[in-house]
Amino acid sequence: MMYGALEAGGTKMVCAVGSEDGKIYEQVSIPTLTPDETIPKILDFFKDKNIAALGVASFGPVDPDPASPTFGYITTTPKPGWADYDLVGTLKSELNVPIGFDTDVNGSLLGEVTYGDSKGISDAVYITIGTGVGGGVMTNGRLLHGMLHPELGHMLMRPHHSDTYAGRCPFHKNCLEGMAAGPAIEDRWGAKGTALADRDEVWELEAYYIGQAIVNLILTLSPKKIILGGGVMHQEQLFPLVRKEVETQLNGYLKTPLLADLDSYIVPASLNDDQGIMGCIKLAVDAYKMG
Ligand code: ADP
Ligand code: ZN
């Protein structure tokens with residue numbers, strides 16, 4: 001049985017066909033222009049693939065509530081043409097298969113706990129640090145939505161005492177995304193992250209914010225695993241720095257076996273940046289089983 005996967009991003013739409021074990025057989029990447037330009041290309045890719053179901057993990061905010069009249073919509077994006085766009089409805093009317101739908105970050109988290117090193121973990125957080133910051137949450141084996149879905153990239157940060165940077169989020173200035181996403185690094189230090197690899201102070205400050213966010217997530221969600229992905233986390237020297245910050249900022253308040261081994265608790269994404277598209281396969285498998 002073949003399943004379709006659509007990782008709908010703000011810059012590109014990755015379309016793939018794969019099997020339940022997570023193997024990808026064919027994959028294309030289509031630039032995200034307007035829906036009129038992009039959706040026909042997506043439909044064209046899937047139309048002769050004989051997929052049993054489709055899994056869609058999308059940039060957002062989105063409406064992931066199946067009981068809502070706007071389920072499967074991209075809601076408030078500034079991206080031209082995509083605000084209040086009925087993504088699932090459009091795909092469904094053309095492809096006529098069950099569709100599983102979630103946020104891009106929940107998709108990546110699902111990929112990691114289904115096919116990656118975190119396989120089988122029931123309570124986990126996935127954070128991506130790239131052009132923006134986003135996070136997916138699983139509790140008791142279920143992806144968390146609640147009222148909408150978590151937007152943990154916008155949690156407010158207490159600025160480091162040495163940091164004079166105001167933050168660049170248009171809504172909050174000094175939220176996690178405003179202080180620590182790739183564009184914030186570039187803005188603060190005057191060069192892209194890739195060109196700053198050997199500047200220790202860059203990554204120490206970056207780890208301070210990521211560590212602070214993780215402490216907040218540990219205290220609010222009590223996850224059993226924290227998985228970090230996205231372009232910025234390709235700076236592998238960040239991992240030990242982040243773990244150190246978490247230890248320092250928790251300051252001994254919690255003592256659990258998992259926190260005693262932070263190397264195993266705070267880990268990189270393990271699927272070669274395929275966690276998103278593989279998570280879409282799992283969304284499709286689950287949608288197929290639900291009918
Ligand atoms: P996106 O978030 O757009 O899907 P990425 O996760 O690749 O894509 O994030 C892009 C951002 O991450 C850019 O701001 C870029 O400068 C930064 N970035 C990408 N790769 C690296 C790297 N190896 N080291 C540091 N920063 C990086
Ligand atoms: Zn913000």
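Predicted model: local features only at pLDDT ≥ 70, side-chain atom pairs only at ≥ 80, totals over all residues.
Me: Which atoms lie 2.6 Å apart at threonine 131?

Reply: Look for N or O atoms facing each other. A side-chain N or O atom of threonine 131 is 2.6 Å from an oxygen atom of ligand 1. Backbone atoms count too. At glycine 231, a polar backbone atom lies 2.8 Å from an oxygen of the ligand. Glutamine 235 uses a polar side-chain atom, 2.7 Å from a nitrogen atom of ligand 1.

Me: How much of ligand 1 does the protein bury?

Reply: Start from the ligand alone. Ligand 1 then exposes 560 Å², and the protein buries 64% of that.

Me: Now the metal. Which residues coordinate the zinc ion (ligand 2)?

Reply: Find the donor atoms. They are ND1 of His154, SG of Cys169, ND1 of His172 and SG of Cys175, at 2.1 to 2.4 Å. Along the chain, the donors follow the spacing H-x14-C-x2-H-x2-C.

Me: Why is the arrangement of the 4 donor atoms around the zinc ion (ligand 2) tetrahedral?

Reply: Check the angles. Four donors count as tetrahedral if all angles lie between 85 and 135 degrees. Here the 4 donor atoms subtend 103 to 121°, so the arrangement is tetrahedral.

Me: Is histidine 172 buried, exposed or partly exposed?

Reply: Read its relative accessible area. Histidine 172 has 34%, so it is partly exposed. Cysteine 175 has 0% and counts as buried.

Me: How far from cysteine 280 is the nearest cysteine sulfur?

Reply: First, the whole structure has 0 disulfides. Cysteine 280 is in none; the nearest cysteine sulfur, that of cysteine 15, is 9.8 Å away. Cysteine 280 is also buried, at 0% relative accessible area.

Key: Residues numbered from 1 in each chain as written. Chains lettered and ligands numbered in written order. Heavy atoms only, no water. Disulfide = S-S within 2.5 Å. Buried < 20%, exposed > 50% of the residue type's maximum accessible area, 1.4 Å probe, protein only. Polar contact = N/O pair within 3.5 Å; in protein donor to acceptor, adjacent residues only side chain to side chain. Areas by Shrake-Rupley, 256 points an atom, 1.4 Å probe, with all protein chains shown as cover. Donors = N, O, S within 2.8 Å, 3.2 Å for Na, K, Ca; no water. Tetrahedral: all angles 85-135°; square planar, octahedral: opposite > 155°, others 65-115°.
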